[in-house]
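Q: Please take a close look at one strand of this model and at the contacts around that strand. A connected account would be appreciated.

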Amino acid sequence: MLFDDEKTDYDDIIASGADKEISRAEKKAAKKALKEDKKREKMLREAEKLGFTPDMLGEDFGREQSLDEILKGYDEKNKASEETPKAESEEKPDEKSDEKSEEPAAVSSESTSEEEVKPEESEEEEKKKRKRRHKKGERDPQFNVVKELLNTVVYMGVVILLAFLIVTFVGQKVVVSGQSMESTLQNEDSLWVDKLSYTFGEPERFDVIVFPYKKGSDILFIKRVIGLPGETVQIQDGNIYINGELLEENYGLETINDPGIAGSKVTLAHDEYFVLGDNRNNSNDSRRSDVGNIKKEDIIGKAVFRIAPIGKFGKIK
């Protein structure tokens, strides 16, 4: 930098530089002091959590002495106050006044420190108890009721969904109404219908199947398969003929009196089945035009087990 020797004094420049250095030093000291004050405030907050007040810690706390040093000195002071009355009592058993005045003070300081530290220990113990309860599966006293309700709703939703999937794709329970399948099935028998069997396979002769009375109807029929797709079925003189050959079976409760539309030959399509009730003279089945041949797509499933009554529980034949 250029300056005029006649107008500018060199000592002024030196003094100006010194002032700048002093200003920088003062700013640096101020920043350091501010940093130390913040550090001391933080340490004071931590000490207050343990039950110590600024008066107990002294002015040097956070500046010349750290929290650990203060606590260590405080503990040593308490230990010394505990040991001193004992030593004096052994040496001077007759001097009671001074010993009694000092001993309560030592006890009070000890109890104060224990009581002041106790809240922090109780919080830690509470956390440990919660962890132990969580591991044992016990409910936390502060358990969130809303969370419990949400879990219950989700659980019920899953149960309903599983029930729907089972009833739709796996199977369902049905109850027999009427006498059309006697003597194999009785009125009010509870059955389990398997829906998977015909998903991966085809109905076989003599299977007991469940299907709607008419397409889209809520009324279900339960009958026995007699004729298979592509076959010709005819009933003559109480006997059943498949493709002109006598069908040997013993499911009929009695000899067929009314052949219905099967008095003439009935030819089944590639996806049709001819069904009869085991109570042949008291059954509305494929012999009647309102029922007719049953298409595979209309078959709900195969009746496989009798659930009730318990005395008849077992596989349906």
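A: Strand S9 (residues 272-276) is largely enclosed by the rest of the structure, because 5 of its 5 residues are buried. Buried here means under 20% relative accessible area, exposed means over 50%, and partly exposed lies in between (1.4 Å probe, protein chains only). Strands (E, at least two residues) and helices (H or I, at least four) are DSSP runs, numbered from the N terminus. The model is a predicted one, in which local features need pLDDT of at least 70 and side-chain atom pairs count only at pLDDT 80 or more, whereas totals for chains, interfaces and linings use all residues. Residues are numbered from 1 along each chain as its sequence is written, and side-chain values use heavy atoms, with hydrogens and water left out.

In a regular strand the side chains alternate between the two faces of the sheet. In S9, Glu272, Phe274 and Leu276 are buried on one side, and Tyr273 and Val275 are buried on the other, so that both faces are covered.

S9 has pairing partners, where pairing requires that DSSP find at least two bridges between two strands. With strand S4 (residues 220-227), S9 pairs in the antiparallel sense over 3 bridges, and Val275 of S9 stands opposite Val225. With strand S10 (residues 294-295), the pairing is also antiparallel, over 2 bridges; here Tyr273 stands opposite Ile294.

Glu272 and Lys295 form a salt bridge, with their closest N and O atoms 3.6 Å apart; the term denotes a side-chain nitrogen of Lys or Arg within 4 Å of a carboxyl oxygen of Asp or Glu. This pair links distant parts of the chain, since Glu272 lies in strand S9 and Lys295 in strand S10, 23 residues apart. Glu272 counts as buried at 14% relative accessibility, while Lys295 counts as partly exposed at 30%.

By the same rule, the count of salt bridges comes to 12. One of them involves Lys296, whose side chain meets that of Glu202 at 2.9 Å, N to O. Glu202 lies in the loop between helix H6 (197-200) and strand S3 (208-212), and Lys296 in the loop between S10 and strand S11 (301-308), so the pair ties together parts that are 94 residues apart in sequence. Lys296 is partly exposed, with a relative accessible area of 26%.
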